[in-house]
Amino acid sequence: MAKAIRIHAPGGPEALTWEEIEVGAPGKGEVRIRHEAVGLNYIDVYDRSGLYPMAMPACLGREAAGVVVAAGRGARFREGDRVAYVHTPGSYCEERVMPADRLVRVPEGISSAQAAAMMLKGLTAHYLLRRTYRVRKGDPVLIHAAAGGVGLIAVQWAKHLGATVIGVVGSDAKAELVREHGADHVIVTPREDFTARVREITGGAGVPVAYDSVGKDTFFASLDCLRPLCMMVTYGNASGPPPLFSPMELAKRGSLFLTRPSLFAYIAARKDLDSAARELFAVVLGGAVRIRIGQTYALADAASAHRDLEARRTTGSTVLVP
C-alpha cells in the first residue's frame, strides 16, 4: 500500500486527507513511479474547491518527478529511469501508475525537485511565450503574478528572448525577487496603478501582449494595457474568474485578441510534449532560467501548502515531498 492526499468532497484545505491507496501493477504501455517530489499549482486549488469538478474520491496534483519502479509491456521506460510529467490529477501520492507516453526523461543536471517544480509551470511559460504569442526581441511584455511559479520562469525566459519585461507583484519583497530574476520594470499593486505605469513605461503605446493569471481583479485593466490589434492571454483565476463581458469591449479598445489557453491542449500530441520539454530543459541547463523552489512541505502537510498558496504567501515554485 502507498499513501496519498485525497478529497471526498469539494472544500477548503481542511478537505485534504492523508490515507492509504491501492496502486496496482502497470499494464501495457504503463509504468509505476515512485514519486520523489510533487509540484503544487494553483490549478490544484481549483480542483479541490470544485471550480473544476472531479469524480470523488479524488487525488489532486498535476505534476511530479520520480523513478520508474516497474514497467508494463511496451512501455518506453525501464525500471530505474528518472522521469517527470504533467498530467491529469493524481500526483499527490507516494506511488502512481502512469501511461508511459505522458512521461519525459529527466536529464542529468536536473534534480527531481527541480523537475517537479518546472513541468506544469515551465511548460506553461513555454506555450505562453513561444506559441500563444511568440515573444520577439524588443517586445515589451506584461506579466502578472511575476513572483509566482509560472511568473518567475516567464520573466527569465522572456528576458532571454530579448523582451522588455514588466512584472506586476503584490509586495516590495516580491518586487525585489522579480528584479533579481531579470525584470526591467516591476509594478507593486495596489500601491501603483499598473495600467497607468504600463502606459508610462511604454511611452503611451501599451504592450503587444499581457499575460494575466489573476483573473477577475485585473482583467479589464490588463485589456487597457494593450496596443490596438494585440493580445490578452488570460490563463488563470487567482482572484476569481474574469467577469462576463460583451465582445464590443475588445472592439472599442482597438480590435484586441483574447485567448484563454490550456497547457494540456498544447502538449496533447507527443511531438509537442517532447519539443516543449526539450526546450524547457535546455534553457534551465543553459542557465537562462533558474527554477526557484521558494518553499517545501511534506506531502502529508499539503493543506498547509494550500493555505499559504491561497494567501499569496508563496514565491517561486512549491514542492511537496512524499
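**Packing, burial and cores**

Reply: In this predicted model, helix α2 (residues 112–132) packs with helix α9 (residues 270–285) at an angle of about 100°, their axes being 10 Å apart. Since angles of 65 to 115 degrees count as roughly perpendicular, α2 is therefore roughly perpendicular to α9.

Me: Which residues in α2 and α9 meet?

Reply: From α2, Met-118, Met-119, Gly-122, Leu-123, His-126, Arg-130 and Arg-131 take part, and in α9 they meet Asp-272, Leu-273, Ala-276, Ala-277, Glu-279, Leu-280, Phe-281 and Val-284. By class, the residues of this contact of α2 with α9 divide into 9 nonpolar, 2 polar and 4 charged.

Me: Does Ser-317 count as buried or exposed?

Reply: Buried means under 20% relative accessible area, so Ser-317, at 2% relative accessibility, counts as buried. Ser-317 belongs to strand β16 (residues 317–321), and, when residues up to four places away in sequence are not counted, Ser-317 touches Ala-117, Lys-121, Gly-149, Arg-292, Ile-293, Gly-294 and Gln-295.

Me: How many residues does the largest nonpolar core have, and which have the most contacts inside it?

Reply: In soluble globular proteins, nonpolar side chains tend to be buried together. Here the largest nonpolar core has 61 residues, and those with the most contacts inside it are Trp-157, Val-178 and Tyr-211; the largest share of this core, 11 residues, is supplied by α2. Leaving aside neighbours within four places in sequence, Val-178 is in contact with Ala-146, Ala-147, Leu-152, Val-155, Val-169, Ala-183 and Val-186. There is also a second, separate core of 33 residues, including Ala-2, Ile-5, Val-38 and Ala-64.

How values were computed: Residues are numbered from 1 along each chain as its sequence is written. This is a predicted model: local features need pLDDT of at least 70, side-chain atom pairs count only at pLDDT 80 or more; totals for chains, interfaces and linings use all residues. Side-chain values use heavy atoms; hydrogens and water are left out. Axes are lines fitted to C-alpha atoms, for helices over the stretch in contact, and angles run from 0 to 180 degrees between N-to-C directions. Helices (H or I, at least four residues) and strands (E, at least two) are DSSP runs, numbered from the N terminus. Angles under 35 degrees count as roughly parallel, over 145 as roughly antiparallel, 65 to 115 as roughly perpendicular and the rest as oblique. Contact means heavy atoms within 4.5 Å. Ala, Val, Leu, Ile, Met, Phe, Trp, Tyr, Cys and Pro count as nonpolar, Asp, Glu, Lys and Arg as charged, and the others, Gly among them, as polar. Buried means under 20% relative accessible area, exposed over 50%, partly exposed in between (1.4 Å probe, protein chains only). A nonpolar core is a set of buried Ala, Val, Leu, Ile, Met, Phe, Trp, Tyr and Cys residues joined through side-chain atoms within 4.5 Å.
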